[in-house]
2 protein chains.
Amino acid sequence: MTITLYDLAGAEANRRFSPFCWRTRMALAHKGLAVETVPWGFTEKDRLPKPNAGRVPVIVDDATVVHDSTAIADYLEKRYADRPSLFGGEIGRALARFVQNWTETVLQAGIVPLVVLDIHRHARPQDQDYFRRSREERFGRTLEEVVRDREARLPAFRASLDPLRRTVERQDFVSGKAPAYADYTIFGAFQWARAISDFELLAADDPVRAWRGRMLDLYGGLARGTPAYGD
Amino acid sequence: MTITLYDLAGAEANRRFSPFCWRTRMALAHKGLAVETVPWGFTEKDRLPKPNAGRVPVIVDDATVVHDSTAIADYLEKRYADRPSLFGGEIGRALARFVQNWTETVLQAGIVPLVVLDIHRHARPQDQDYFRRSREERFGRTLEEVVRDREARLPAFRASLDPLRRTVERQDFVSGKAPAYADYTIFGAFQWARAISDFELLAADDPVRAWRGRMLDLYGGLARGTPAYGD
């Protein structure tokens, strides 16, 4: 039984850059489940299966439609309980939420103002207006203004990664000796950045970069299968 | 069998304010273990049992001496494996390290420059010189200068709690429905602040404050048993 994943795509259909879809993609691989992805553009709200929140990821597993990366992870953990666990139990699941909240409020919030113009460049032409308008409204500035002094802001961004850095200095993965859902959550943010921007977020000798390399190597180099910049 | 805990004390022997000792205190209660605490001052390096790193917490369990809060938690989890788990398995333990690294690099690092002068005030008279000298060397400024504009820095500190805030808005404890070691790690930092400073870190309606209240209520109000400020 192959699961269908609606996956955000750029102007090139194979450039997949949603941090949330990458969480799901890695979680499906972790569970050893076959997947067929459907490239989807920001403005194709009506092309998603019902019930439809207008956002990806959405999976269709036989007759079951699940949207939202967190709901999908919970669904997979329960439906495929006999396969390797994404969370390692209730406490692990709760703490993965803390990691998710850090990822969204610190990591992704820190990445957006560094690469938002690059996202625009890689969006499908028919999605660019929507993307620019919605994001400029959020920032109250043009995308060009948002990224202008990004070099100067890079040291503060890198410093904000200290909790992650200290963790992967001392253990191979955030989840311990082997990767699990918390790793996929954080990795999704870095994969998003490298899929759409040549602005390197990480110094060459950063332990976070070594961890990112380990994540890229997982599942036969799954995450290297999309066009991207850098290592 | 009662475990002995060497516990940092202030000028009043019952004012216990080490964030690291509070992690251990709560972990011992979680495991349902009886404890006798020995108040200890910053400069009493020679009063600790051997082997001795000159810091607390240190526990003595029968003939076993364990120092460092993380090593103690690992020891308790293994030695008392039949009692409620602190981590809920290997993934939970790994993710608790991420929470610990966030606590130390963001939370505690953010609290110190708000309350460091208050720590000095509560230290034993014979420890004050040591404390002032070592901390002023670290900051390169007097303690008075470090805390001067703390009101102005409070909004940024509160914003840095977003990952925690979002977590405890959606679940009672960081570790899920019930508290576990990741909660004790974070709580230690807040308990440290409230034991030595009347500078309230949290707004009255902050979900983090409600969580702190739940932590204070645990184990018969264990953490309310030390002199402190506020709720």
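This is a predicted model: local features need pLDDT of at least 70, side-chain atom pairs count only at pLDDT 80 or more; totals for chains, interfaces and linings use all residues.

Colleague: Which strand is joined to β3 (residues 58-61) of chain A by three bridges, and do the two run parallel or antiparallel?

Modeller: Strand β1 (residues 3-8) of chain A is joined to β3(A) by three bridges. As for direction, β1(A) and β3(A) run antiparallel.

Colleague: What is the strand order in the open sheet of chain A?

Modeller: The sheet has four strands, and their pairing is mixed. At the edges are β2 (35-40) and β4 (64-67) of chain A, each pairing on one side only. Neighbouring strands are turned by 20° against each other on average, direction ignored. Read across, the order is β2-β1-β3-β4.

Colleague: Which residue in the hairpin of β3(A) and β4(A) takes a positive phi?

Modeller: β3(A) and β4(A) pair in the antiparallel sense over four bridges, and Asp61(A) stands opposite Thr64(A) in β4(A). That hairpin has two residues between its strands. The one with a positive phi, near 60°, is Asp62(A).

Colleague: Thr24(A): buried or exposed?

Modeller: Thr24(A) belongs to helix α1 of chain A. Its contacts, leaving aside neighbours within four places in sequence, are Leu5(A), Pro57(A), Ile59(A), Ser69(A) and Ile72(A). Its relative accessible area is 1%, and the cut-off for buried is under 20%, so Thr24(A) is buried.

Colleague: And what is the relative accessible area of Gln100(A)?

Modeller: Gln100(A) lies in helix α3 (residues 90-122) of chain A. Not counting residues up to four places away in sequence, Gln100(A) touches Arg23(A), Thr70(A) and Thr185(A). Gln100(A) is another buried residue, and its relative accessible area is 9%.

Colleague: What arc do the buried residues of α4(B) cover around the axis?

Modeller: The buried ones are Asp127(B), Phe131(B), Arg135(B) and Glu136(B). They lie on the same side of α4(B), because the arc they cover is only 145°.

Colleague: Why can residues a few places apart in an α-helix point the same way?

Modeller: An α-helix has 3.6 residues a turn. So the spacing that points the same way is three or four places.

Colleague: Which helices do the buried residues of α4(B) pack against?

Modeller: First, the other side of α4(B) has exposed residues: Gln126(B), Asp129(B), Arg133(B) and Glu137(B). After the helix comes Gly140(B), with a positive phi near 70°. The buried residues pack against α3 (90-122) and α5 (143-147) of chain B.

Colleague: On to rings. How are the rings of Phe190(A) and Trp211(A) arranged, stacked or edge-to-face?

Modeller: Across all chains there are 17 aromatic pairs. In this one the ring centres are 6.1 Å apart and the planes are at 70°; over 60 degrees counts as edge-to-face, so this pair is edge-to-face.

Colleague: How many residues apart are Phe190(A) and Trp211(A)?

Modeller: Phe190(A) is buried at 0% relative accessible area, and Trp211(A) is buried at 0% too. Phe190(A) is in helix α8 (residues 181-196) of chain A and Trp211(A) in helix α9 (residues 207-221) of chain A. That pair links distant parts of the chain, 21 residues apart.

Colleague: What class of pair do Tyr184(B) and Tyr219(B) form?

Modeller: Tyr184(B) is buried, at 0% relative accessible area, whereas Tyr219(B) is partly exposed at 33%. Their ring centres are 6.5 Å apart with planes at 55°, so the pair is tilted.

Colleague: Last one: which residues form a ring cluster in chain A?

Modeller: Here ring pairs do the linking. The cluster consists of Phe17(A), Phe42(A), Tyr130(A) and Phe131(A).

Note on methods
Residues are numbered from 1 along each chain as its sequence is written. Chains are lettered from A and ligands numbered from 1 in the order in which they are written. Side-chain values use heavy atoms; hydrogens and water are left out. Buried means under 20% relative accessible area, exposed over 50%, partly exposed in between (1.4 Å probe, protein chains only). Contact means heavy atoms within 4.5 Å. The arc is that of the directions from the helix axis to the C-beta atoms. Two strands pair if DSSP finds at least two bridges between them. Axes are lines fitted to C-alpha atoms, for helices over the stretch in contact, and angles run from 0 to 180 degrees between N-to-C directions. Rings of Phe, Tyr and Trp (its six-membered ring) pair if their centres lie within 6.5 Å; planes under 30 degrees apart count as stacked, over 60 as edge-to-face and the rest as tilted.
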